[in-house]
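Good morning. I will walk through one structure today, starting with a loop and then moving to the core, a helix and some aromatic rings.

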Amino acid sequence: MGKHIIVDPITRIEGHLRIEAIIDDNGVIKDAYSSSTMFRGIETILKGRDPRDAGLLAMRICGVCTGTHYQRSIEAVEHAFGITIPKNARIVRNLMQGSLYLHDHVVHFYHLHALDWVDITSALKADPKAAAEEAFKWTDNPIGVGAGELKAIQERLTKFVKQGRLGLFANAYWGNKHYKFTPEQNLIAVAHYLQALDMQREMAKLMAIYGGKMPHPQSIVVGGVTCVQDIKNPARNAEFKSLLVKAREFIKRAYLADVLMAGTVYADEALDGTGAGLKSYMAYGGFRLDDTGFYKAKTLFPSGVVLNGDISKLIPLNQEKITEDVTHSWYKGKTNLHPFKGETIPEYTGLEKKEDGYAYLKTNEKYSWIKSPLYDDKRVEVGPLARLVVGLAAKDKRITEYATKFLAKLGEKLNLGKPAPISVIFSTVGRTAARAIETEMMADVMMEWIDELAANVASGDLSTWTEFDFDKVSKDAKGYGLEEAPRGALGHWVVIKDGKIENYQAVVPSTWNAAPRDYKGRMGAYESSLIGTKVADPEQPLEILRTVHSFDPCIACAVHIIDTKGKELGSFKVNTSCSI
């Protein structure tokens with residue numbers, strides 16, 4: 001069997017996630033299981049409600065990516081009703097969703113993922129002057145890492161350490177031999193970590209300008225958007241552009257540089273494919289670039305499926321081939337159902353007890369609140385890496401350009417005499433780099449969108465809503481909202497009867513990635529990505545955190561609570577016909 005370790009809870013994520021792994025005598029992971037210990041019941045709450053209200057409730061699925069659930073829910077209803085929104089509404093929604101990308105990706109790398117690469121205590125030994133010089137190796141124009149700035153940060157950090165006040169840095173695996181940055185590189189990353197705390201606030205303002213607030217924006221309605229006064233006010237558009245310029249500078253001069261630094265230092269793991277996992281990818285496509293309506297318009301991100309890492313072949317996406325399996329999930333009912341026919345019927349069967357007093361997952365039975373989605377009866381990964389792979393397979397000019405630029409820089413830093421091979425993206429490092437690559441691209445294309453919006457409004461077009469006859473279109477309808485959320489392919493499906501929601505299902509990115517085994521015993525993306533990973537110290541499973549965090553887990557809404565040894569602290573009965 002080998003050594004059985006439990007990492008519960010996985011911290012620095014949204015929600016509650018448990019990973020169990022079997023490690024052999026050489027420290028290599030031979031088996032892994034991913035379990036969400038949280039139940040989400042929003043779908044049952046939506047039954048019987050007015051579909052025009054669905055978005056305001058569906059956004060409560062998550063407190064992080066609220067805006068994208070809001071939009072997908074609204075768009076599922078618009079698709080059901082056959083509504084095409086006006087140009088201004090399309091652009092505003094793109095800008096709001098793009099703002100979420102910038103905010104989400106920067107926060108993820110620095111505040112959720114960076115400490116898997118960066119040893120905070122090592123930064124205390126750095127030479128600030130040498131660190132400032134080091135920064136120029138990764139970008140021609142570094143930001144916030146002058147010798148004086150770095151010295152001040154180091155002195156503050158040293159004072160906290162001496163006083164025993166490391167705060168959120170207090171409990172970690174400092175000194176683990178799988179940390180590879182030099183003290184100077186660690187100091188650069190710590191400086192940007194702290195600067196990103198301020199930057200994420202500025203990025204949040206981007207969504208609030210057209211959304212009203214962040215999180216939980218309020219300006220999207222079935223048929224369009226309500227922020228007419230904002231888009232017609234040149235000062236508001238100028239404020240958005242000013243904030244975007246500031247965010248773009250940080251992305252290009254800090255975020256991209258730090259990821260390039262990580263990619264270079266951890267290149268051995270990228271080259272040997274550590275964390276690759278399934279190597280099969282799916283993207284719904286997203287960010288409509290014209291006004292020809294749902295799933296017909298040209299999009300920023302192409303849709304499609306790539307299997308077994310073969311980017312020479314792009315399989316067209318057909319949402320009818322999406323199903324959800326519950327064989328190893330704490331639900332009962334039929335399995336492999338399309339979301340239009342999906343069921344959410346809880347059946348919690350608990351954990352098993354071991355003689356050592358710890359509770360382990362019943363891995364041969366049900367062991368997670370997450371269902372197991374399948375595309376055409378195949379397991380696939382979604383997210384920034386999937387978007388990059390599908391974009392390359394589709395020969396998308398823009399995505400190929402940004403990816404090629406990054407690989408060329410990486411090849412240069414590794415002294416390869418040519419761009420780094422495309423195979424490096426199939427790894428934990430590659431998954432992290434893909435997120436940074438698309439963040440730069442998103443920041444650039446958003447500059448085009450804000451100018452497009454301003455020009456359209458200046459031409460006299462102030463339309464933001466498409467009128468429709470609710471009584472007529474809501475009699476018997478069904479639709480879906482498919483889009484690329486920051487963490488990957490997000491879909492909301494709604495069935496409407498006589499003006500009320502009859503059935504509702506949301507399949508979120510972390511459903512695809514964090515899922516347990518399916519009915520054939522095949523692993524989900526998290527589980528598969530851990531196989532073959534070498535853990536330096538089972539008591540400090542840094543490598544597990546690094547790979548799992550590379551997906552940016554987002555798991556929400558618990559009703560069952562256990563302590564760290566599996567002792568039940570409380571049970572909550574879920575009434576599947578409840579409403580609020």
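Predicted model: local features only at pLDDT ≥ 70, side-chain atom pairs only at ≥ 80, totals over all residues.

Is Asp518 buried or exposed? Its relative accessible area is 0%, so Asp518 is buried. The side chain of Asp518 reaches the backbone nitrogen of Lys520 at 2.9 Å. Leaving out residues up to four places away in sequence, Asp518 touches Asp325, Thr327, His328, Ser372, Leu374 and Arg379.

Now the core. In soluble globular proteins, nonpolar side chains tend to be buried together. In this model the largest nonpolar core has 129 residues. Which of them touch the most other members? They are Leu102, Tyr210 and Met442. Helix H13, residues 428–458, supplies the largest share of this core, with 15 residues. Apart from this core lies another one, of 24 residues, including Ile10, Ala525, Val535 and Ile555.

Take Tyr210 as an example. Not counting residues up to four places away in sequence, its contacts include Val92, Leu95 and Met96. Also among them are Phe240, Ile450 and Leu453.

Helix H13 also holds Glu440. Glu440 has 7% relative accessibility, and because the cut-off for buried is under 20%, Glu440 counts as buried. The side chain of Glu440 makes a polar contact of 3.2 Å with the side chain of Lys405. Beyond residues up to four places away in sequence, Glu440 touches Ile251, Lys252, Leu256, Tyr402 and Lys405.

Ile251 brings us to helix H9, which bends by about 35° at that residue. How far apart are the end C-alpha atoms of helix H9? The helix has 32 residues, 234–265, and at 1.5 Å a residue they should span 46 Å; the end C-alpha atoms are 45 Å apart, which agrees. At the start of H9, a side-chain oxygen of Asn233 comes to within 2.9 Å of the backbone nitrogen of Ala235.

Val265 is also found in helix H9. With a relative accessible area of 23%, Val265 is partly exposed. Setting aside residues up to four places away in sequence, Val265 touches Lys180, Phe181 and Gln185. Val265 and Trp117 are 148 residues apart in sequence, and their C-alpha atoms are 9.7 Å apart in space.

Next, the aromatic rings. A pair of aromatic rings is described by the distance of the centres and the angle of the planes. The model has 25 aromatic pairs. In one of them, Tyr33 and Tyr367 have ring centres 5.7 Å apart and planes at 85°; the cut-off for edge-to-face is over 60 degrees, so this pair is edge-to-face. What does the pair tie together? Tyr33 lies in strand S3 (residues 29–36) and Tyr367 in the loop between strand S12 (359–360) and strand S13 (372–375), so the pair ties together parts that are 334 residues apart in sequence. Tyr33 is buried at 14% relative accessibility, and Tyr367 is buried at 0%.

Another pair, Phe109 and Tyr255, is tilted, with 5.4 Å from centre to centre and 35° between the planes. Phe109 is in helix H4 (residues 87–113) and Tyr255 is in helix H9, so we are back at that helix; the two residues are 146 apart, and the pair links distant parts of the chain. Phe109 is buried, with a relative accessible area of 6%, and Tyr255 is buried, with 0%. Elsewhere on the list, Phe81, Trp465, Phe468 and Phe470 form one aromatic cluster.

One more residue, His492, which lies in strand S15 (residues 488–497). His492 has 0% relative accessibility and therefore counts as buried. A polar contact of 3.1 Å joins the side chains of His492 and His69. Leaving aside neighbours within four places in sequence, the residues in contact with His492 include Ala58, Ile61, Arg72, Tyr480 and Tyr504. The C-alpha atoms of His492 and Ile5 are separated by 35 Å, and the two residues are 487 apart along the chain.

That is where I will stop.

Conventions
Residues numbered from 1 in each chain as written. Heavy atoms only, no water. Core = buried A, V, L, I, M, F, W, Y, C linked by side-chain atoms within 4.5 Å. Buried < 20%, exposed > 50% of the residue type's maximum accessible area, 1.4 Å probe, protein only. Helix = DSSP H or I, 4+ residues; strand = E, 2+ residues; numbered from the N terminus. Contact = heavy atoms within 4.5 Å. Expected span 1.5 Å × (residues − 1). Bend = angle between axes of the 7 residues up to and from the residue. Polar contact = N/O pair within 3.5 Å; in protein donor to acceptor, adjacent residues only side chain to side chain. Phe/Tyr/Trp six-rings, centres within 6.5 Å; stacked < 30°, edge-to-face > 60°.
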